[in-house]
Amino acid sequence: MNLILQGLAWIFTPSHWVTSVGNVSISTRIGEHFYYTGVSLLVTVLIAVPIGLAIGHTGKGRGIAIVLSNASRALPTLGLLAVLILGVGIGLLPVAIVLVILGIPPLLAGVYSGLESVDRQTIDAARAMGMTELQILVKVEIPLGFELIFGGFRAATLQIIATVTLAAYYSLGGLGHYLVFGLAQNDYPQMVAGAILVIVLALAVDGILAVIQRFVVPGVSRGTTRQRRTARGGAIPPVAQSRTLIKEGQ
Amino acid sequence: MNWVWTNFDMIWGLTLSQIWLSVIPIVVGFLLSIPLGYAASRSKAARSILLSAGGILYTIPSLALFVSIPVVIGTSLLDPTNVVIALTIYSVAIMVRSSADAFASVPEPVQDSATAVGFSGWQRFFAVELPLAGPVLLAGIRVVSVSTVSLVSVGSVIGVSSLGFLFTDGFQRNFFTEVWTGIIGTVIIAAVFDLLLVLIGRLAMPWNRRVSDRKLRRVASRSAVPVS
């Protein structure tokens, strides 16, 4: 417990927030962490969202997507990073590749299961009213499935933010640096400080996304989720009568 | 390839420790998640507390959790127990949601009829609810198994030996073969574990009730992804 206090003291030492010779400030490390996260997240979104929409809209290719997603879960991140850094050299590229590989499965699953959660009858009705496929996608499927889509985005973001920590092991910086460096130097206060910073960052981002999720999810989808599940005859859990459960069930 | 044969003993040793380090969290996580998930399926308050706690724990990056365990419980930093405890925390955190969903998926009329024909609470749980929750539980534990196996290797950063040692060592020696051996070994272990779980599922649920694809898919898309 004493170490936790020492870790906190390390974080609140003013000199650790200033970049000087042989010392990179905490804020710079946070910046690096967000930089890796942001770039990878952007690429992940650009790849996973179109594919997910295509799978969810057409219902084709889901089997392959699931197999690939599950297989990618078995890949050990640390090893993948090592191979890529040995292959293409140290820098943003190997980290980004690994992070994108990790980020795609949750986002992809969120997007296509979001679209699939939309009641078929609603889509048929939209089509009968003369909506084009694109209109159905943009005006019906995406809004109604948005809760799951955003859930996938949140999961992908956290996956990426957590994994950036490992990049520090290969001297790529980010907040994991203090953790890895402190460990290597037997400087336990620094190591604990690194762990605290990484944990706080992950929890803070998750908290912010949770709040955003509450606001951006279109209000209609929540009330109708229950009716949709009942109407479909899908197993509706006995406790699902509460709105909380459906909200959490992203 | 030569390298693999000459170092086979070392690789086999690392494989065994990787297996041990992952089997314990998978089994313990599964066992713990059953009562927790059951409680979560019975009470709204329990559900919201357990699932939020699970969500928060699972958000913590693995490396940070690995070094936090000794700080909190006072074990030595190099103790493999730290990795086992950390991975058990993750597996419970992921599994409790699957388990809650699994028990919630047992239709209420079925539970009521079990009570009506005279099952006591415990009988009903073991003879009716648990078997019917089985397929969703299986889907959940398969996710836990794969992610646990691949996370064990992160332990090598804090000096807990597993196939992850091949990553750190191979990287320092700039030796591709060694790193690849570790990756392939990890994937093989994950695949074998998955196969075993499916087999156990077949044996334990011989009626082979096919849960609708949709239900499993919902669980799969919802269940947590491994945190690295």
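Start with helix H3 of chain B. Which residues of H3(B) are buried? They are B:Arg47, B:Leu51, B:Gly54, B:Tyr58 and B:Thr59. Keep in mind that this is a predicted model.

Now, where do those buried residues sit around the helix? Look down the axis of H3(B): the buried residues fall within an arc of 130°, so they line one face of the helix. Here is the background. An α-helix has 3.6 residues a turn, so residues three or four places apart point the same way.

Next, the helix itself. H3 of chain B runs from residue 44 to residue 59, which makes 16 residues. From first C-alpha to last, H3(B) reaches 22 Å. That is close to the 22 Å expected at 1.5 Å a residue.

Look at the start of H3(B) too. There, B:Ser43 brings a side-chain oxygen to within 3.3 Å of the backbone nitrogen of B:Ala45.

Now step back to the chain. How many helices and strands does chain B have? The count is 10 helices and 0 strands. Along the sequence, the pattern reads α-α-α-α-α-α-α-α-α-α.

Then the overall dimensions. Along the principal axes, the C-alpha atoms of chain B fill a box of roughly 65 × 40 × 25 Å. Chain B has 228 residues, and 54% of them count as buried.

Contacts come next. Take those in chain B with a separation of 6 or more: 76% are between residues 24 or more positions apart.

Last, the surface. Chain B has an accessible surface of about 9800 Å². Carbon and sulfur atoms account for 70% of that surface.

Methods: Residues are numbered from 1 along each chain as its sequence is written. Chains are lettered from A and ligands numbered from 1 in the order in which they are written. This is a predicted model: local features need pLDDT of at least 70, side-chain atom pairs count only at pLDDT 80 or more; totals for chains, interfaces and linings use all residues. Side-chain values use heavy atoms; hydrogens and water are left out. Helices (H or I, at least four residues) and strands (E, at least two) are DSSP runs, numbered from the N terminus. The expected span of a helix is 1.5 Å times one less than its number of residues. Buried means under 20% relative accessible area, exposed over 50%, partly exposed in between (1.4 Å probe, protein chains only). The arc is that of the directions from the helix axis to the C-beta atoms. A polar contact is a pair of N or O atoms within 3.5 Å; within protein, one must be able to donate a hydrogen and the other to accept it, and residues adjacent in sequence count only if both atoms are side-chain atoms. Contact means heavy atoms within 4.5 Å. Accessible areas come from the Shrake-Rupley method with a 1.4 Å probe; for residues, only the protein chains shown count as cover.
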